[in-house]
Amino acid sequence: MKPPYAVHRNLIIRLDDAFLLAVMLGIAAILTAAMTLQYANGELPCPLCLLERVALFGVCFGILLNFRCGFSGRNTGCSLLFAMLLLVVSVRQTLLDIYPRPGHAYIGSAILGIHMPVWSIIIAVALLTAYALKLALLGGDEILRNADVSAQPHVKRLVDLLGLYLIALVAINLVSVVLQCGLGECHTFGYKLLTASSAGPASSAAPDSAARRAAAPVRACARAARTVRAAALQLRSR
Amino acid sequence: MMVAVFAALLCAFVAGWFAHRRLAAACIAATFVLALGLFLYEVYSPEYGFRMPWIRTHADPTAVSQHVPA
């Protein structure tokens, strides 16, 4: 039978792992949903929306470091710092668009009647509250510092999978940002690099060629009519 | 600028994945500073500065006087 201290220690480690995994999973799901809306519905993220994504990734980074490099209060602090950044950015964005005026309105579709900046406030407050509760209820810095995630193979496997998935998400976002913003400011009009390449000098005749392609069936019909008329004239002359 | 933020973030994640703690910390610090700078740049308006004059923060005196009991 395990001594009471060992039971208490295992419980704290498991609860902490469950909490961190739940936060990571939740954030990965939110970011996946945002990226699905971007690529499936063509809803390009605004600069502040991209910064909100960065903040969410930052929260996950602290958690990932807790699992990969061992528990540290610094990693928790990093997550909390990015949760604060998320709150500041999303509150400011909500206040920017709260009063509709020319050039300012909530971007993207509403989910359950709430737009993304307002959702971001809710997410940030939920994250800060959850971290505060976790620190208040679990504590156990000494226990967690000596915990080894490799002692729980299923947790380690899940963390590895989630970590790789998050790295892939960051890489996709980086490529997307390069396409959308280039090296300058970000806009929601379209993917800057793709638009620039299609409007470049090499393809400046693109609209002409498109019009020519569209008129091709009409030209073919006219050619066929001319041929038929010529054949009829020949028959009549005989 | 946004590209730099995401590049630093990717660098931080990769360094963290390979347990290069110092490099990861440096990259995430760079991400945070760049993101904060970009945020301030985005919300700054040459016309209003950091103020938000479209949000009314004072009550209309005439509207208030209507609710004062006689």
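## Contacts and composition of chain A

In chain A, residues 24 or more positions apart account for 69% of the contacts with a separation of 6 or more, where two residues are in contact if their C-beta atoms, placed from the backbone, lie within 7 Å. This is a predicted model, in which local features need pLDDT of at least 70, side-chain atom pairs count only at pLDDT 80 or more, and totals for chains, interfaces and linings use all residues. Residues are numbered from 1 along each chain as its sequence is written, while chains are lettered from A and ligands numbered from 1 in the order in which they are written.

Chain A holds 8 helices and 0 strands, in the order α-α-α-α-α-α-α-α from the N terminus. Helices (H or I, at least four residues) and strands (E, at least two) are DSSP runs, numbered from the N terminus. Of the 238 residues in chain A, 26% are buried. A residue is buried if 20 or more other C-beta atoms lie within 10 Å of its own, exposed if 12 or fewer, and partly exposed in between, with C-beta atoms placed from the backbone.

## Chain B and model confidence

Chain B has 3 helices and 0 strands, running α-α-α from the N terminus. Buried residues make up 26% of its 70 residues.

The mean pLDDT of chain B is 85, and 80% of its residues reach 70 or more; pLDDT is the predictor's confidence in each residue, from 0 to 100. For the model, ipTM is 0.83 and pTM is 0.78. Where pLDDT is low, the predicted coordinates should not be read in detail.

Helix H2 of chain A covers residues 47-68. Its 22 residues reach 31 Å from the first C-alpha to the last, close to the 32 Å expected at 1.5 Å a residue; the expected span of a helix is 1.5 Å times one less than its number of residues. H2(A) is mostly covered, with 21 of its 22 residues buried. Just after H2(A), A:Gly70 takes a positive phi of about 95°.

H6(A) has 29 residues, which should span 42 Å at 1.5 Å a residue, and the 41 Å between its end C-alpha atoms agrees with this. The buried residues of H6(A) are A:Val159, A:Gly163, A:Leu166, A:Leu169, A:Val170, A:Asn173, A:Val177, A:Gln180 and A:Cys181. A glycine with positive phi, A:Gly182, follows H6(A), its phi being near 60°.

## The interface between chains A and B

Chain A gives 33 residues to the contact and chain B gives 26 residues. On the side of chain A that touches chain B, the elements giving two or more residues are H2, helix H3 (73-97) and helix H6 (153-181). H2(A) provides the largest share of this side, 11 residues. The residues of the side of chain A that touches chain B divide into 27 nonpolar, 3 polar and 3 charged. In this grouping Ala, Val, Leu, Ile, Met, Phe, Trp, Tyr, Cys and Pro count as nonpolar, Asp, Glu, Lys and Arg as charged, and the others, Gly among them, as polar.

H3(A) packs with H2(B) at an angle of about 10°, their axes being 12 Å apart. The two helices are therefore roughly parallel, a term for angles under 35 degrees, whereas those over 145 count as roughly antiparallel, 65 to 115 as roughly perpendicular and the rest as oblique. Axes are lines fitted to C-alpha atoms, for helices over the stretch in contact, and angles run from 0 to 180 degrees between N-to-C directions. In this contact, A:Cys78, A:Leu81, A:Leu85, A:Val89 and A:Arg92 of H3(A) meet B:Ile28, B:Phe32, B:Ala35, B:Phe39 and B:Val43 of H2(B). The residues of the contact divide into 9 nonpolar, no polar and 1 charged.

## Loop residues

Most residues other than glycine have a negative phi. A:Leu112, which is not a glycine, has a positive phi of about 55°. A:Leu112 lies in the loop between H3 and helix H4 (116-137) of chain A and is exposed, with 5 other C-beta atoms within 10 Å. In chain B, B:Ala19 has a positive phi of about 60° although it is not a glycine. B:Ala19 is placed in the loop between helix H1 (2-17) and helix H2 (21-43) of chain B, and counts as exposed with 12 C-beta neighbours inside 10 Å.

A:His115 is also in the loop between H3 and H4 of chain A, where it counts as partly exposed with 17 C-beta neighbours inside 10 Å. Not counting residues up to four places away in sequence, A:His115 touches A:Tyr106, A:Gly108 and A:Ala110. A:His115 and A:Leu87 are 28 residues apart in sequence and 15 Å apart in space, C-alpha to C-alpha.
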